[in-house]
Amino acid sequence: TFGGASVSHAESLLDALAAAYQTNPRLDAERARLRATDEGVAQANSGYRPRIDYNADVGSVTTNIRPNFNSSNGNVNPRGYSVELVQPVFRGFQVTNAVNEAEANVRAGREVLRGVEQEVLFAAVQAYADVVRDQEITRLREEGLEFFNQELRATRDRFAVGEVTRTDVSQAEARRAGAVGDLDLA
């Protein structure tokens, strides 16, 4: 696995690198973080755009007048609305500085992503090299075991004809057992 992502059947180093680059969750998270940082530029640029405000109100007023026992009633329904368009001309460089800051954050985010990419790809190369090394060690240990198997057979044959002692056979068996242990470890 490369940083938590599973790569199955990578046949070459390039395949392993491509799989790590495409499927690593750490890279996906860093790419998403950079996209979110990119949104800050659009938000900062919104300070250059006009703003529209609107307001509406509706009311109801009832009046009762009773002068000299003469009564009159009046109902009034006032309504009002307003629309305001504001185009900022100068805000003391606040918008310009906000845009510059957002763009600098995007550049910094890109460099962080580049660093994460390097770490992930290095881990992929290291894991691939470890697998290749371990496969070669296993192959060599298998060859060594085959050598000790042949040596043990030859020693037993020589013991059968009386050329070597039981100690020589035991030593050959011990060397073979060591080779089996080394192969299991590999």
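These are my notebook entries on a predicted model.

**Ground rules**

I number residues from 1 along each chain as its sequence is written, and I use heavy atoms for side-chain values, leaving out hydrogens and water. Because the model is predicted, I ask for pLDDT of at least 70 for local features and count side-chain atom pairs only at pLDDT 80 or more, while totals for chains, interfaces and linings use all residues.

**Entry: helix α1**

I began with α1, which covers residues 13-23. Helices here are DSSP runs of H or I with at least four residues, strands are runs of E with at least two, and both are numbered from the N terminus. I looked up which residues of α1 are buried, and found A16, A19 and A20. Seen down the axis, these buried residues fall within an arc of 100°, so they line one face of the helix. The arc is taken from the directions from the helix axis to the C-beta atoms. L14 and Q22 are exposed on the other side of α1.

**Entry: N24, between two helices**

Next I went to N24, in the loop between α1 (13-23) and α2 (25-45). Is N24 buried or exposed? I noted it as buried, because its relative accessibility is 1%. A polar atom of the N24 side chain lies 3.1 Å from the backbone nitrogen of L27. A polar contact is a pair of N or O atoms within 3.5 Å; within protein, one must be able to donate a hydrogen and the other to accept it, and residues adjacent in sequence count only if both atoms are side-chain atoms.

**Entry: helix α2**

I then checked the span of α2: its 21 residues reach 31 Å from first C-alpha to last, close to the 30 Å expected at 1.5 Å a residue. The expected span is 1.5 Å times one less than the number of residues. In α2 I found L27, E30, R31, L34, V41 and A44 buried. They cover an arc of only 120° around the axis, which puts them on the same side of α2. R35, A36 and Q43 are exposed on the other side.

**Entry: strands β1 and β4**

I moved on to the strands. How many bridges join β1 (residues 51-58) and β4? I found eight, in the antiparallel sense. Two strands pair if DSSP finds at least two bridges between them. I wrote down two of the partners in β4: Y81 for A56, and E84 for D53. Of the eight residues of β4 (residues 79-86), zero are buried, so the strand lies largely in the open.

**Entry: F93 and the aromatic pairs**

F93 sits in the loop between β4 and α3 (94-160). Its phi is positive, about 65°, although F93 is not a glycine. Most residues other than glycine have a negative phi. I class F93 as exposed because its relative accessible area is 53%.

I searched the whole structure for aromatic pairs and found two. F90 and F93 form an edge-to-face pair, 5.1 Å centre to centre with 85° between the planes. F147 and F148 also form an edge-to-face pair, at 5.4 Å and 70°. Rings of Phe, Tyr and Trp (its six-membered ring) pair if their centres lie within 6.5 Å; planes under 30 degrees apart count as stacked, over 60 as edge-to-face and the rest as tilted. F148 counts as partly exposed because its relative accessibility is 22%.

N75 is in strand β3 (residues 72-76). I noted N75 as exposed, at 63% relative accessibility. N75 and N64 are eleven residues apart in sequence and 9.0 Å apart in space, C-alpha to C-alpha.

My last stop was G178, in helix α4 (residues 166-185). G178 is partly exposed, with a relative accessible area of 35%. G178 and L145 are 33 residues apart along the chain, and 8.8 Å separates their C-alpha atoms.

Conventions:
Buried < 20%, exposed > 50% of the residue type's maximum accessible area, 1.4 Å probe, protein only.
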